[in-house]
Structure formats: structure tokens, C-alpha cells
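Here's a quick briefing to read alongside the coordinates. Have a look at the fold first, then run through the points below.

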Amino acid sequence: MKSQATMICYLMLFLVTEYSCYASKIHIKDGDKLQRPEGKPKTGRIQEKCHGPCITSSNCSQLCAQHFRGEIGFVCNQNKWQKSTETCTSLSVETLFEDSNSASRLSVAAPSIPLRILDFRAPEPIKSVAQGIRRNCPLDYACITDVVKSSEATAGNIAFIVELLRNISTDLSDNVTREKMKSYSKVANHVLDTAAISNWAFIPYKNASSDLLQSVNFFARQLHIHTESENIVDELFIQTKGFHINHNTTQKSFNFSMSMSNSTESILGIIEIPKEELWNLPPNTSQAISIAFPTLGAILKEAHSHNVSLPRPVNGLVLSVILPERLKQILLTFEKINKSRNARAQCVGWHSRKRKWDESVCKTTLDVRNKVKCRCNYTNVVMSFSILMSPKSIDNKVLDYITCIGLSISILSLILCLIIEATVWSRVVVTEISYMRHVCIVNIAVSLLIANVWFIIASNFNKKPQDYNWCVAVTFLSHFFYLSLFFWMLFKALLIMYGILVIFRRMIKSRLMVIGFAIGYGCPLIISVTTVAITMPRKGYVRPDACWLNWDNSKALLAFVIPALVIVAVNLVVVLVVAFNTQRPSIGSSKSQDVAIIMRISKNVAILTPLLGLTWGFGIATLIEGTSLIFHIIFALLNAFQGFFILLFGTIMDHKIRDALRMRMSSLKGRSRVAENASLSPTNGSKLMNR
């Protein structure tokens, strides 16, 4: 009797359990989505503002809506509360496997199992994701995909899913099959959806996007490909492909065509493994895997991105590649998202340790309106690539023509200027001030001439990895001589101030020469050498795409911009002082005298503007994003033709030089006439006949 009573109790308990689970199944079916106590909230359940007084820079927090854990942070901006962070999550390790536990209990209570082994105790709690997956779905991870896909993509849930994927990559990547990769990608696809992009900005942990990319790449590295070519994953926002390769394989490529949203419009991406790289592989078969992300570029946040003055939006797919270690280079083709005429591109690779885009690993080989081609170096820390859009690039052939023609005329003008100075030197350097004035003109012309020559060499320099040291040398020389140009202009401005302010006491010529050369060449040398010493250990002196000072990585360009702008500002003050001293008002002056004063001031300003480098001040306008093309054209005209302006205003318009040239020409004509008369004289003729 006791055993029968025990069996009846077990049977009743079984029926109650089965009924409760059946009711749960009906509830899921009616809702069309997987529901649980912390189920997917409806839109508008999360608070969007604080109710307290809004004072600028103040902040507050609110608890999340019902069924969510966490809180929402707000900051007061312009008297309005704006959401800054959010940790609202409905997911947890327990909710991931809640239905799996119920299913396992049902299976234990199957009729075919003897009642004596039934155990209706509560299941052992799951302490980690890895433990839950090993227990409930070790073959394909399918037990977590429905739960994740049914959750709302709040910032808190996104952060939880990123951590979930990271844990799977760390603890469950020992034997990655195609089925596991598919389930893994479905989870990642949920947080890469275009509808979730805006919520990434509210995750307090700013490296979440980088962790996601690194986790996916690490997990895919452990994937084993069984057939010759496989389309492994084909989700809307993540695709994975792979194939076998060896040293006999011909050139292979991955081709992706993915939509940026749920629309039909798609963009293309191609990864090619060059044939010469495949020759480096051993005879045994290796594998190559590639992953494409259409929306990840909008999510990836660079570490210390606040130091970047201008935003660098991604303008194509993000393509990851997992290759054998012997392969070092790949070719990539990206279709641009923004296909406007001014949308220039920069090929980059994502450095997983620095958590930022690295321009030094890629070289742009083609940049047209629709697509970009890149040659990139592949390493274990740089295995994801894309293209960045430059927001301030100007793609206009007019600027190229102006620069080319202007520099040619400028170089010829500077050579002519030096020839004229050499011709009239002894006639024009009669005082200390005039001597130093012409020393300044000569050194300004020499510095600009050499700088222009090195600029032309740098612009035509085919920068390859093996030519990096040459590129550094060319950039250093351009940097040094352009700085010398500005510092000699500064010395000339100081010399003008010295002539205006110091009247009764004059400095000897040798001392002026020492000061001039110390300023003109000493200061530029110190700045240039210091810049190289600071930036070269991190290879941050030159740009990855051109032989000129780097900006994005090391801000080496500031070593040219700051001295140049400071000198332009000082020289502008000097021009204003000269204009003020030129004006000599007198009592009862006539209108003609006023006009003469205005003309004299205008002439001095026109002469001093190119000689003191004030035209470089227009470069400030070109640094502002969205500046009209006309400012770029004006800047190119004024500075490409600077050598011609120096010849015109510094040499030809100087009446002393013109007088010296006339005297020189007269003396040459006089000598030629004397020689001609001497050759035609009878005495000279008889001598010739006697010979």
C-alpha cells in the first residue's frame, strides 16, 4: 500500500508539471515570440527624461522600466535632459537557458522512463554561459539564439550580448563547426541590425564594438572548413565565406554583396589573395576565411577618438580575413557608400590592440568615384580592413593645374631673382641695413626654391614599404626648408622693425649675420630634428599615403603649422606698424596728399605681404570643414606663385636694383662698343693681316 501511494503521488506530481509546461507552450505560441517574465518590452516603456530641474552640466539617473534591470543616465544640455548612458537589460545567464531546463525536465518525465528514477528536484543552477551551452546545446548553440533574437536591442542587452559572444569565443572555441558558426553569427546579427545602431552610443563601456569584432574574428579563426568552398553564414548584417588553399592554388578572392539596411540597395567588397603570396604556402592544404560587416563601420569606436579633430566615417564594408601566417599581403576592393565627387578615401586596417584604425598597414592604389582599391599588410593584430572618408578633401583638377603651373613659374622666378641679386650685389649692399635686407631676400629665395623642388619630388614619390626611409628624408628636407622660409621672413620683419624703432644705435654687420642665420636655419633645424626624434619610433612622422607630415596619428603637422601661423601673425603686426608709420598727416593737407599717402601705404603692404608670407594666412580658411572651393583656389594661387611675387616685389620693384641693373647694362654695352671699335681700328686690322 505504501508503494502504491508513493506511485500515485509521483503520478499526480508528473501531471501537474506536464500541465504547467503545456500552459507555458501555449503562451509562447499565442505571443508569436519567445516570452518570459523579463520578456521583450513594448516601445516607449523606457523613461526618456528626468523629472528634476535641468541645470547645465548637471546629471541624473532613472531606474529602467518594469521587467528591466539597470538604470538610464541623463545629462543636462541647453536646459534639456539628454540620455547619455543606459544599462537596461532583460537578459541574464538564467533567462538564456530557462526554457531549455523546462524541456530537459519534460524529457526526464517521459513515460518510457521507469518512475523509480524520476527526479523532480529543481535543476542545478547554471553559473556560466559555457556551462549552460555544454549542458543544453553543445552541438550548435541553438538554445540561445531564439532568446537573444526575441530580446529588445537596448544598450544594456547589446552589452550583455557582446559579453556573451566574448565568453563563447574564449571558452567554447576548441572545435568550431559550421553549425556553431551559424548560431554564433545569428546572435551577432541581432546587435548589428540597423535598428540597434543608435543604441550602441549609450553603452557605458566604449570598447564594446571593438570587443565584438575581435570576438567574431577569434571564433572564426577556430572554424574548420570541410568542402572546397563554403558559404558558411548568410545573415543580413554578417556573412562568412571560406575555402581551401595551398601553394598550387591560383589567385583566390572573396566576393561580398551586402545591403546597408533592409532595402534592396547593396554595396560590394572583394578580398583577393595574390598568386605570389599563395606560392609561400606549404604543399599541405590550408584554409582562408573571410567575414563581411555592412553596419559595423558605423558602430566601431576608436580608442582616444576625442584627440581626432575631424570625424573619420567608414565609407564601405568592414572586411575581416583569417589566413595562414605565411601570407602577408592581400588586395581589397571596396565600393563606396558615399559616392559624391569629393568623397576621397583612405585604406585602413583595424588594430585590435590599439583599438583604432591604422593607416600605415594599407596603401591606396586606386580611388575613383565609385570604388577604392587597397593593398594591405595582414598580421594577427590587423585582420579587419575598410576605407575611411576624408571630410575635407578637395578633388578638383583646377587646383592641380594651378599648383603645377604656379610652382614651375615660381621656380623659374626664384632662379632669375638669384641671378639678378648676384649681378647687382656689389652696387646695392652699401649699408648694414641694405646688406642684411638683400641677405634676407637671397635666403628667402633659396629656401623657397629648395623647398619647392623637394615638394615636387615628394608629390611624385612612389611611396612603397621599402622606400619608407627615403620618404622620411624627403619629408624632413621639405619640412626644414619651408620652416627656413618662414623664419627668414620673420628675421626680415624684425629687421624692418629694427630700422623703424632703432635710429641712433646700429648693430654691426657680423652680429646681424649671426642672429640672421641662427633664426633662419637654427630654429628650423631644432624643430625638424625634434619632430623626427619624437615621432619616428612610432612611425608617425610621415603620412601613410604621401610624403608629408602626419596628422591623424601623431599630429606631426603641428610642427609646421604652429611656427608658420605664429610667424604670419607677428609679420602682420609688422605690416600694420609700417602702414602706421607711412601715414604722415600734416595740418591742412590736401586731398592729393591724402591720396598719395594711401597709395604709399598700399604699395608697402603689397610689397611686404608676399615677402613676409602673409599669403599663407589664407590657409586657415582651407582647414575649416565645408569651406568653399574658391578659398582653396585663392590659397593655391597666392602660394604657388609666391616665387614670382618675390621676384616682382622684392627685386624688380626695388628702384635701387633697377638702377644698378641699368648701370650694369650700360657698362656691358660700353665694353662691347669699345671691343667693337678696337676690332675695327686700322691698327688692329693690320695686326690681324700680319698674323
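A residue counts as buried when its relative accessible area is under 20%. Keep that cut-off in mind for helix 4 (residues 129-136), where Val129, Ala130, Gly132 and Ile133 are buried. Looking down the axis of helix 4, the buried residues fall within an arc of 165 degrees, so they line one face of the helix. Bear in mind that this is a predicted model.

**What helix 4 packs against**
- The buried residues of helix 4 pack against helix 2 (93-96), helix 5 (142-150) and helix 6 (155-171).

**The protein as a whole**
- You'll find 20 helices and 15 strands in the protein.
- Of the 691 residues in the protein, 43% are buried.
- Take the contacts with a separation of 6 or more: residues 24 or more positions apart account for 71% of them.

- Mean pLDDT for the protein is 77, with 74% of the residues reaching 70 or more.
- Confidence is highest in strand 9 (residues 318-322), with a mean of 95, and lowest in helix 1 (residues 2-31), with a mean of 34.
- Over residues 391-395, pLDDT stays under 50, and the model has 13 contacts beyond four places in sequence for this stretch.
- Residues 683-691 also stay under 50 in pLDDT, and here the model has two contacts beyond four places in sequence.

Notes: Residues are numbered from 1 along each chain as its sequence is written. This is a predicted model: local features need pLDDT of at least 70, side-chain atom pairs count only at pLDDT 80 or more; totals for chains, interfaces and linings use all residues. Side-chain values use heavy atoms; hydrogens and water are left out. Helices (H or I, at least four residues) and strands (E, at least two) are DSSP runs, numbered from the N terminus. Buried means under 20% relative accessible area, exposed over 50%, partly exposed in between (1.4 Å probe, protein chains only). Contact means heavy atoms within 4.5 Å. The arc is that of the directions from the helix axis to the C-beta atoms. pLDDT is the predictor's confidence in each residue, from 0 to 100.
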